[in-house]
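Welcome! Please open your viewer and get ready to click along with this short tour.

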Amino acid sequence: MISISTHVLDTGSGDPASGLKVRLERRRGEGWSEANSAVTDDDGRVSDLGSDLESGVYRLKFDTGGYGNGFYPEVSVTVDLDDSREHYHVPLLLSPYGYSTYRGS
């Protein structure tokens with residue numbers, strides 16, 4: 001089975017993005033269904049956004065507007081999780097006018 005975590009850093013302030021809502025969704029046919037949701041901790045982390053997940057296409061939806069980013073009210077990161085790894089870590093680097101993500105370790 002597969003697990004996933006995330007870490008959000010506010011590169012504009014240089015601090016972790018604490019209190020940011022994150023939703024994990026799984027693609028089902030042409031639509032999406034919610035698999036889990038969480039809020040980042042004081043260090044900007046969600047250590048268990050999903051566990052015992054099956055292989056498939058998932059989407060992490062970050063509520064960046066609720067965090068205070070007006071230009072990007074939401075950031076969606078779609079990933080294809082397969083059994084080649086047991087754990088996936090998907091960090092998000094967020095600034096007022098940009099963001100980036102990568103497959104972490």
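We will begin with the whole chain and then move on to some ring-bearing side chains.

**Stop 1: the whole fold.** Remember that this is a predicted model. Following the sequence, the order is β-β-β-β-β-β-α-β-β-β. The radius of gyration is 13 Å, close to the 13 Å that the globule rule gives for 105 residues, so the protein is as compact as a globular protein of that length. Along the principal axes, the C-alpha atoms fill a box of roughly 35 × 30 × 20 Å.

**Stop 2: surface and contacts.** The accessible area is about 5800 Å², with 44% of it belonging to carbon and sulfur atoms. Of the 105 residues, 38% are buried. Among contacts with a separation of 6 or more, 57% join residues 24 or more positions apart.

**Stop 3: the aromatic cluster.** Select F71, Y72, Y97 and Y99, which form one aromatic cluster. How many aromatic pairs does the whole structure hold? A search finds three. Zoom in on F71 and Y72: their ring centres are 5.0 Å apart and their planes meet at 85°. An angle over 60 degrees counts as edge-to-face, so that is the name for this pair. Is F71 buried or exposed? F71 is exposed, with a relative accessible area of 52%, while Y72 is partly exposed at 23%.

**Stop 4: a charge over a ring.** Finally, select W32 and R59. Here R59 lies over the face of W32, at 4.0 Å from the ring centre.

Note on methods: Residues numbered from 1 in each chain as written. Predicted model: local features only at pLDDT ≥ 70, side-chain atom pairs only at ≥ 80, totals over all residues. Heavy atoms only, no water. Phe/Tyr/Trp six-rings, centres within 6.5 Å; stacked < 30°, edge-to-face > 60°. Buried < 20%, exposed > 50% of the residue type's maximum accessible area, 1.4 Å probe, protein only. Lys NZ or Arg CZ within 6 Å of the ring centre and 35° of its normal. Helix = DSSP H or I, 4+ residues; strand = E, 2+ residues; numbered from the N terminus. Rg over C-alpha atoms; globule rule 2.2 N^0.38 Å. Contact = heavy atoms within 4.5 Å. Areas by Shrake-Rupley, 256 points an atom, 1.4 Å probe, with all protein chains shown as cover.
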